[in-house]
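This report goes through a two-chain model, from each chain as a whole to selected elements and residues. Please keep the sequence and the coordinates at hand while reading.

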Amino acid sequence: MSKYMMNKLMRAIEMSDRSVESYLRDTEAFVDGWLAGGAGPDAVADDRVLTDEERSAFIARDEGELYRLGAHPYLLWHFIEAVWVHQVDWPDLNERYRAAVRPHGYPDYVA
Amino acid sequence: MAHLVMAAATPHNPLLWRTMRDPVPDDLRGVADKFSLIGATMRELGVDVIVEVGTDHVRQFFSDNCPAFIIGKADSYHGTFENEVRTFGMEYCEVRGHRELADHIAGRTVLTDTIDFAVSHEWRLDHGFIIPLAYTTPAFDIPVVPIHVNATLPPLPRPERYAVLGRHIAESVRSWESDARVALLTSGHMATEIGGPRQFLGAGSPDPEFDREAVSWFRDGDLEAAIAGCTFERVMAAGNVTYQHVNIISALAAMDGRPADLAEATESRYASSPFFLWRNA
């Protein structure tokens with residue numbers, strides 16, 4: 001699993017209004033565009049890799065699965081809140097989020 | 001010789017920004033009053049500069065470059081981020097820095113023998129730093145030396161290191177050739193969970209036993225018990241972001257481990273809020 005990369009993608013989306021809008025407009029294209037948007041083999045860093053499970057969870061906007069896979073809880077909640085809050089009332093979103101993560105307890109999120 | 005005239009701890013719950021408005025709701029009046037008390041104490045004691053120990057919430061410092069301790073050396077800091085404006089309704093602001101004191105705390109050319117600080121000249125302060133300042137110094141008219149301690153991206157500093165940090169800040173102020181009056185302001189939590197199955201469960205603490213015990217450390221001035229009680233496992237069992245509570249140990253240590261004049265976990269619709277105050281004038 002590449003927890004660091006999941007966190008990096010969640011953070012890249014959540015910290016920018018424009019990225020939240022782009023992710024919502026075409027989620028799969030956004031995720032694949034992000035994966036392809038690293039700096040390339042000549043760069044010191046910024047290689048971007050997600051496993052198939054992680055990529056699918058981002059495309060499905062599946063908070064339970066991202067949580068199970070070890071996404072950082074603080075980043076995950078704020079990512080999910082940014083993505084869903086205009087479609088789901090906040091109390092319902094909070095309830096849904098808790099229900100989604102509860103079966104997984106406290107996964108190891110140390111990247 | 002400068003004088004450390006007070007130390008304090010406040011919460012930094014950003015949800016307060018939308019809800020703790022005039023007229024202040026009854027359940028938040030205790031929180032508002034304690035913020036006011038700490039702000040009034042700063043003014044009464046003539047505070048010239050604030051050393052603020054807090055934790056950035058993976059906004060400025062991420063896992064690509066994650067210091068354990070970092071101190072700000074900038075002349076000024078921008079406050080809050082686009083996502084905090086969107087999510088919490090916070091407003092962008094500007095906070096003055098204090099380069100001379102930051103240099104003295106970190107060591108200007110060679111690091112001190114207690115804390116190996118990273119330094120930053122360009123740092124946008126998130127709600128962990130801005131909320132305590134906004135409620136205690138709403139005009140942002142007192143310069144600040146921000147110190148971030150990593151409490152969110154393990155591995156984290158052990159609680160003993162926070163005590164070392166607090167003593168180091170106190171000693172740095174004592175040895176600073178200045179007549180400035182300095183406040184140490186720490187920003188933290190009581191038991192709190194964000195992003196886990198116990199988040200936002202309504203009024204009350206996710207771990208009242210932890211909160212009761214933690215208040216007693218500061219009320220009784222028991223630094224050893226605070227350090228012993230803040231193991232990673234115990235603190236995280238109280239709530240998955242509770243490690244920011246450990247910031248408050250630096251205030252207790254800076255006050256030589258003596259009992260706080262105010263020690264309270266203030267209840268409201270949210271997880272309880274830490275309010276601790278030591279006058280040292």
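## Basis

Two residues are taken to be in contact if their C-beta atoms, placed from the backbone, lie within 7 Å. The model is a predicted one.

## Chain A overall

The C-alpha trace of chain A spans about 45 × 30 × 20 Å along its principal axes.

In chain A, 35% of the 111 residues are buried. Among the contacts of chain A with a separation of 6 or more, 66% come from residues 24 or more positions apart.

## Chain B overall

Chain B contains 10 helices and 10 strands. The radius of gyration of chain B is 17 Å, close to the 19 Å given by the globule rule for 281 residues, so this chain is as compact as a globular protein of that length. Along the principal axes, the C-alpha trace of chain B covers about 50 × 40 × 40 Å.

Buried residues amount to 54% of the 281 residues of chain B. Of the contacts in chain B with a separation of 6 or more, 81% are between residues 24 or more positions apart.

## The contact between the chains

Chain B contributes 19 residues to the contact and chain A contributes 22 residues. On the side of chain B that touches chain A, 8 residues are nonpolar, 9 are polar and 2 are charged.

## The largest nonpolar core

The largest nonpolar core holds 116 residues. Those with the most contacts inside it are A8(B), A183(B), L184(B), I249(B), A251(B) and F276(B). The element that gives the most to this core is helix α6 of chain A, residues 73–84, with 8 residues. In soluble globular proteins, nonpolar side chains tend to be buried together.

What does F276(B) touch, not counting residues up to four places away in sequence? The contacts of F276(B) are A8(B), A9(B), F218(B), I248(B), A251(B), A260(B), L262(B) and A263(B). Two of these, A8(B) and A251(B), are also listed among the core residues with the most contacts.

## Helix α4 of chain A

Helix α4 of chain A comprises residues 52–60, and its buried residues are E54(A), A57(A) and F58(A). They cover an arc of only 100° around the axis, so they lie on the same side of α4(A). An α-helix has 3.6 residues a turn, so residues three or four places apart point the same way.

The cover over the buried residues of α4(A) includes α1 (3–14), α3 (27–36) and α5 (63–68) of chain A. Just after α4(A), R61(A) adopts a positive phi of about 50°.

## Strand pairs in chain B

Strands β9 (residues 262–266) and β10 (residues 273–279) of chain B run antiparallel and are joined by 5 bridges. They form a hairpin with 6 residues between the two strands. Within this pair, L262(B) has L277(B) in β10(B) as its bridge partner.

Strand β4 of chain B, residues 76–79, has Y77(B) and G79(B) on its covered face, and S76(B) and H78(B) on the uncovered one. The strand pairs in the antiparallel sense with β5 (residues 93–96) of chain B, over 4 bridges. In β5(B), E94(B) stands opposite H78(B).

## Two buried positions in chain B

V47(B) is in the loop between α2 (29–44) and β2 (49–54) of chain B. Is V47(B) buried or exposed? It has 21 other C-beta atoms within 10 Å, and since the cut-off for a buried residue is 20 or more, V47(B) is buried. Beyond its neighbours within four places in sequence, V47(B) is in contact with V5(B), M42(B), I142(B), R181(B), V182(B) and A183(B). A183(B) is one of the core residues with the most contacts. V47(B) and R59(B) are 12 residues apart in sequence, and their C-alpha atoms are 29 Å apart in space.

S172(B) is part of helix α6 of chain B, residues 159–174. S172(B) counts as buried because 24 C-beta neighbours lie inside 10 Å. Not counting residues up to four places away in sequence, S172(B) touches H104(B) and I105(B). S172(B) and M1(B) are 171 residues apart along the chain, yet their C-alpha atoms are separated by 9.8 Å.

Notes:
Residues numbered from 1 in each chain as written. Chains lettered and ligands numbered in written order. Predicted model: local features only at pLDDT ≥ 70, side-chain atom pairs only at ≥ 80, totals over all residues. Core = buried A, V, L, I, M, F, W, Y, C linked by C-beta atoms within 7 Å. Buried ≥ 20, exposed ≤ 12 C-beta atoms within 10 Å, placed from the backbone. Nonpolar A, V, L, I, M, F, W, Y, C, P; charged D, E, K, R; others polar. Arc of directions from axis to C-beta. Pairing = 2+ DSSP bridges. Rg over C-alpha atoms; globule rule 2.2 N^0.38 Å.
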